[in-house]
Amino acid sequence: MHKLLDLLHEAIAKKIPQKSFILLSALCTPITDDEIVQIFQSPLKNEQIRLFVDWATSSISNCHKFWSNLGQVEDGIQVRFLQEVRREYNHQSFVYDEFIRYAFDYLNNSTPSSEIVNEFVHLLGLMKDTTSSEFIELFKLIKQTGYNLQQTTRGVLTSEQLNHLADLNLIESESMEDTSEVGVSLDVTGKLDTYLEVKRKLWVYQITRDFNKLQLYEDAGSFLRHFKVCVPNQENGEVAQLLISSFPLNVEGFHLFNVENFISTRVPPMLEELGVVIDQLEVSSNVKRLLVSKAEPDLKRLQDLLNTDPEFISFEESGLINFISELSRKGSQKKVSETILEHMREFVRTKQLEKLNRLLLALMNNIEMVNIIMFHTNLSLLHILIDYIDFETFAIGSEDDFQDVYSYCGVGVLSIILILEVFHIDLSKIDLNSYAVGFVNNFYYRLGDNLTNNTPLEKDDDDLTIIGNYNNLVTEWINALFDDSNDGLSDELMKSLGIKQIYKLMPIIYKQAIMATKLGKINMGILSNGLDYLSQLFLLPVTTCLVKWMARDNKDSGLYKQVISELMKPNVDQDSNPMSRIILNICGNDVLRVVNDNKIKQFIHYKDVEKTIENNINVWERVKFSSSFDQFDLLLKNKRETILYMIQESYTFQETKDENSKLFINLLISVSILDSIENIDDLEYWKRELNKTSELQSKSNNEDKTFSCILDYHYSSIFNDDVDKSMDDMDNNDGKDDIEMKVPASEELKTVQRQLILQDSLLSHFKAIKDKTNHANLFYKTVRVLTDKILEELDTWN
């Protein structure tokens with residue numbers, strides 16, 4: 001049985017819904033007070049805190065354990081959980097009773113923190129019974145702490161609650177004229193310089209982390225026009241100085257490379273347009289180093305190497321890897337990028353697969369060169385690769401070595417996965433008629449988690465034939481891979497399936513073999529014999545799927561550590577093999593979550609860095625009051641929480657009129673707009689959406705949410721979509737046959753990715769909350785004010 005804390009960790013990885021989490025919690029070991037305190041003190045994410053509070057308010061016993069232990073932890077931790085209780089407060093009597101007991105105990109036995117007392121006031125403002133003796137006594141205790149009830153209860157308590165406190169002389173009564181609703185302006189008047197400084201730094205931050213935005217502002221003039229909006233009425237010299245100081249040099253991974261490359265390649269023409277030379281500016285030595293001009297590349301040599309005939313010069317002899325490595329340090333990056341992409345398209349079109357394979361091996365061995373290409377051409381490289389894998393059949397001719405042909409497919413698939421992993425591109429929510437996208441989703445991300453061995457209750461003869469054929473095929477492959485009495489994995493068996501089918505079948509077989517070993521059905525020796533086959537280069541895509549699954553499913557499993565170590569060992573020991581560096585850059589960060597291996601660390605180009613927040617510091621207060629406002633990552637990676645905090649901060653501001661709050665609210669509005677809009681179509685879309693009247697009705701109440709076991713969920717369905725979109729079929733069609741002309745997946749992908757970006761943007765999260773906020777909601781007026789402010793900003797958006 002799991003502990004509740006373990007379940008909280010699994011809930012995020014497996015995206016367990018709230019109701020399911022509460023049901024599963026009943027299966028956990030009996031929950032002790034010590035475990036509750038341990039949960040409070042753990043570095044939980046916001047979603048985990050939300051689930052824990054949902055659990056705490058789901059029953060009387062859970063609620064008692066929550067409140068009776070909350071007072072044992074530090075004030076900052078108590079504030080985090082009180083804020084979540086306030087956000088999710090459901091007016092259940094047992095929650096009220098337990099909260100009242102906790103509040104009395106805290107005020108009577110502690111030196112009260114103003115932050116905690118502030119949360120008490122907000123929670124009491126949500127209570128229905130404002131005449132109870134507990135309600136009155138709590139406010140008397142709060143006043144005794146020195147807390148300013150007169151100022152801080154305005155806008156928090158209802159007029160009825162305020163009048164009741166005034167009758168008890170806990171606050172002074174105010175006339176209707178004093179308490180009438182006044183429109184609160186969110187215009188930034190004071191601290192304008194600070195606001196503009198943070199806004200321009202945020203804008204540069206967002207551009208340099210997004211390859212699409214890098215293309216939108218590629219032109220120096222276009223970039224400067226937008227930048228000057230944040231530096232009004234300044235001479236060009238001052239604009240240049242502020243530009244140099246706006247780059248986030250504290251970021252990591254590909255984002256840091258983009259920042260440095262932007263300074264290196266795009267700042268010089270901007271300085272030239274401003275009529276400023278670098279010696280006139282105060283520049284750090286690191287930035288000055290980036291502005292040194294680079295030598296021009298030998299494009300003729302590049303073209304010659306790319307077109308080298310593989311029959312006469314081997315890949316190692318060609319020196320392509322070393323040349324590409326040197327190329328990443330040269331100038332004219334855009335010309336180089338376009339030259340490489342043009343050759344890729346030509347090799348795909350003319351089926352020069354060996355030349356393409358060489359180019360990909362050289363490219364994927366130099367992450368910086370891949371980064372440069374994406375910096376200048378967005379996701380073009382990824383789109384070419386997806387269409388290549390989708391449309392190429394990788395058929396084996398009578399004179400072909402099947403391992404060579406299969407390895408061409410393997411390198412193409414690995415190149416796609418490497419780009420997704422290294423540059424944090426998520427395709428998990430995309431469903432397209434594409435082999436490449438489907439493989440990534442169903443096997444790399446999920447490894448058949450959506451499939452089952454169970455057969456449908458209702459099945460016809462055709463279904464039984466399909467299932468029988470699949471089972472026979474699996475049995476044949478299992479015997480070949482794991483049964484010592486057989487001849488092993490023969491060439492004939494390998495050629496009996498296409499390589500695309502093999503990449504679907506083998507991960508499932510190996511996953512089941514690892515699970516069988518874990519359950520004691522087979523021993524480690526048998527599993528190891530089967531794992532040896534995965535050392536073959538063309539089967540490395542199968543290795544990536546297995547490593548991803550084990551790293552995701554890791555429960556400190558000794559077996560997983562052993563299997564991952566065996567799979568990685570040939571790659572760590574063969575640095576000279578170009579495939580090794582590719583596989584380590586794909587799997588390295590996942591491997592290090594399970595196995596601590598310093599050898600692997602040295603091969604990973606961009607290492608993942610886990611950023612943690614101290615337990616006793618509220619995330620948003622840290623962002624707001626940091627000495628320099630540069631915590632943009634926290635804002636953009638916690639989008640729902642960012643919007644909720646903006647609403648709460650705006651609600652508080654309507655009473656406090658605090659200039660810090662006003663500044664912060666305006667910054668969050670700027671963040672939201674910049675995150676959600678790339679072009680005029682996006683602008684018009686959000687104007688329409690935010691002007692719509694909220695419809696508080698469920699659109700899915702009548703949907704059938706029952707799960708039925710059909711053949712589409714059986715393992716045999718993995719081959720259902722294996723219809724090659726070969727270009728030959730289209731080229732050879734003379735118009736007589738009715739062949740469906742399929743749109744390349746890359747074109748569909750561009751559209752779908754843009755839609756997903758809009759759906760996960762900050763304005764989308766704001767609209768979702770706005771649509772659920774009615775007149776009875778505490779934040780109704782606040783959301784209305786924010787909506788008007790955002791629409792006002794959209795009207796003046798440049």
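**Exercises on charged side chains**

Glu492 is exposed, with a relative accessible area of 58%, where buried means under 20%, exposed over 50% and partly exposed in between (1.4 Å probe, protein chains only). The model is predicted: local features need pLDDT of at least 70, side-chain atom pairs count only at pLDDT 80 or more, and totals for chains, interfaces and linings use all residues. Residues are numbered from 1 along each chain as its sequence is written, and side-chain values use heavy atoms, with hydrogens and water left out.

**Exercise 1.** Determine which helix holds Glu492 and which surface patch includes Glu492.

*Solution.*
- Step 1: Glu492 belongs to helix α30 (residues 491–495); helices are DSSP runs (H or I, at least four residues), numbered from the N terminus.
- Step 2: Glu492 is part of a patch of negative charge on the surface, which also includes Asp491, Glu399 and Asp400. A patch takes residues with over 30% relative accessible area and no salt bridge, and joins like charges within 9 Å.

**Exercise 2.** Describe the salt bridge between Lys767 and Asp771.

*Solution.*
- Step 1: The N to O distance is 2.6 Å; a salt bridge requires a side-chain nitrogen of Lys or Arg within 4 Å of a carboxyl oxygen of Asp or Glu.
- Step 2: Both residues lie in helix α44 (residues 762–771), and they are separated by about one helical turn because they are 4 residues apart.
- Step 3: Lys767 is buried, at 16% relative accessible area, and Asp771 is buried, at 17%.

**Exercise 3.** State whether Glu346 and Arg349 are buried, partly exposed or exposed.

*Solution.*
- Step 1: The two side chains form a salt bridge of 3.1 Å, N to O.
- Step 2: Glu346 is partly exposed, at 33%, whereas Arg349 is exposed, at 62%.

Methods. Patch = residues over 30% accessible without salt bridge, like charges linked within 9 Å, V, L, I, M, F, W, Y side chains within 5 Å. Areas by Shrake-Rupley, 256 points an atom, 1.4 Å probe, with all protein chains shown as cover. Lys, Arg positive; Asp, Glu negative; His and termini not counted. Charge placed at Lys NZ, Arg CZ, Asp CG, Glu CD. Helix = DSSP H or I, 4+ residues; strand = E, 2+ residues; numbered from the N terminus.
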